[in-house]
Amino acid sequence: MKVIMYNIRNLLPLFLITLMLNGCGGGSETENVYTGTADIPETLLELEKDELKFGFIKLTDMVPLAIAKEKGFFEDEGLYVTLEAQANWKVLLDRVISGELDGAHMLAGQPIAASIGFGTKADVVTPFSMDLNGNGITVSNEVWELMKKNLPMEDGKPVHPIKADALLPVLEEYDDKGKKFKMGMVFPVSTHNYELRYWLAAAGIHPGLYTENDVTGTTNADVLLSVTPPPQMPATLESGTIDGYCVGEPWNQQAVVKGIGVPVVTDYEIWKNNPEKVFGVTKKWADEHPNTMIAVTKALIRAAKWLDANDGANREEAVRILSQSEYVGADYEVIAASMTGTYEYEKGDKRPLPDFNVFYKYDATYPFYSDCIWYLTQMRRWGQIGEAQTDDWYKETAKSVYLPDVWRKAAQALVEDGHLTPSELPETDGYRAPTDEFIDGILYDGKQPNAYLNKLEVGLKDEVL
């Protein structure tokens, strides 16, 4: 990448060092004074904007933003970033669209839904996928006791993964008593909504459809799903308003610590290494700030690599950073429960789950078109996309939202800076290899979205147009 121009704020320390050493007779030529460090890139871009404000929700998967700030990766790119917690996902998206925020930690479905006009209509794009996995489904203690009767056991503990088949008899009991079974998810286009629906539907349980006249998505539902902000999930469960929920951490582990619920399955077990959050900006912002966009992406890639380096050796430090009130603000032990390689299901049933949170491995940061297309298939499956679409429509929509070209420019610059090796850049046409590592074993090929939809028994099916 061409060196365009050094940002004056980054040159200031070098200038002062030079001045001091020259003043002490320590060096006669500037180029001999500064020997360079791995932290100051050789290819600083001419930034269109260097003071930025990014939004986030208090979840552990916002951590690449926190690490990029705390470890100085943003500053290394000449960026001065303020991170600001937002009340909920709608407020966060609205503030990005209005320009109050330059960008934000987003649900992967948010840029996609905004771009196709489900809910808010706006052109939102992403050059960076923030993580893989990281969510869980928790039920109340009462529901768990009923489910346990239906589970195979080994050495006195339930055999995992737990399928929603174990929930079917519980639903029948609720139905006999005239009660509706209710579960929380964080947003209509959230990963959590689709994961919860996928888990239920794999057992033949209908989670309901969105229709032109039903924006709640409860038409024909066996289980009523509703929106609850992530930090409020445990309290809402404890109050009895919902019987379970799907959310990111630390809000499943907090249910364990408080003794009010049991995480029965993680999203890693629903779809191994599923894409989760993204970093999103408006298309207008990306078009007006192309170099800043690359610089931000560089800092985030470095943060992600730091998080997964040396088999998670940095995770404890990351947990201490996240536990600060300006980030997640939960207890160290609660955050560490899922961030350091284990996961606690029923209290005392702690099991190894090293890939529960993945930030860099498996090309986690690359914005694959196939990841975007999977979300689009689920939007169509549950009625958020009202009409059948062609395979080409899915592919073109993905190309309008996901920006792998920006990611590649950022990654190539990091190679030149010595932070990445060429082998760390994926060789891909934008699509992950087809996979059947879902809880129902159904094969997903991002290049054939309609064929995939037609394999799923519950939900809308599409004929190839």
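This is a predicted model: local features need pLDDT of at least 70, side-chain atom pairs count only at pLDDT 80 or more; totals for chains, interfaces and linings use all residues.
Five strands form an open sheet. Their order is S2-S1-S3-S14-S4, and the pairing is mixed. Strand S2 (80-85) and strand S4 (124-129) stand at the edges. Each has a single partner strand, so one side of each is left without a neighbour in the sheet. On average, neighbouring strands of this sheet are turned by 30° against each other, direction ignored. Strands of a sheet pair through backbone hydrogen bonds, either parallel or antiparallel. Strand S1 (residues 51-56) and S2 run parallel, joined by six bridges. Within this pair, Leu52 has Val81 in S2 as its bridge partner.

Helix H17 (residues 369-381) has 13 residues. At 1.5 Å a residue, H17 should span 18 Å. Its end C-alpha atoms are 18 Å apart, which agrees. H17 is mostly covered, with 13 of its 13 residues buried. Gly383 follows H17 and has a positive phi, near 90°.

A search of the whole structure for disulfides finds zero. The closest cysteine sulfur to that of Cys246 belongs to Cys372. Cys246 counts as buried because its relative accessibility is 1%, under the 20% cut-off. Cys372, at 0% relative accessibility, also counts as buried.

How values were computed:
Residues are numbered from 1 along each chain as its sequence is written. Side-chain values use heavy atoms; hydrogens and water are left out. Two strands pair if DSSP finds at least two bridges between them. Helices (H or I, at least four residues) and strands (E, at least two) are DSSP runs, numbered from the N terminus. Axes are lines fitted to C-alpha atoms, for helices over the stretch in contact, and angles run from 0 to 180 degrees between N-to-C directions. The expected span of a helix is 1.5 Å times one less than its number of residues. Buried means under 20% relative accessible area, exposed over 50%, partly exposed in between (1.4 Å probe, protein chains only). A disulfide is a pair of cysteine sulfur atoms within 2.5 Å.
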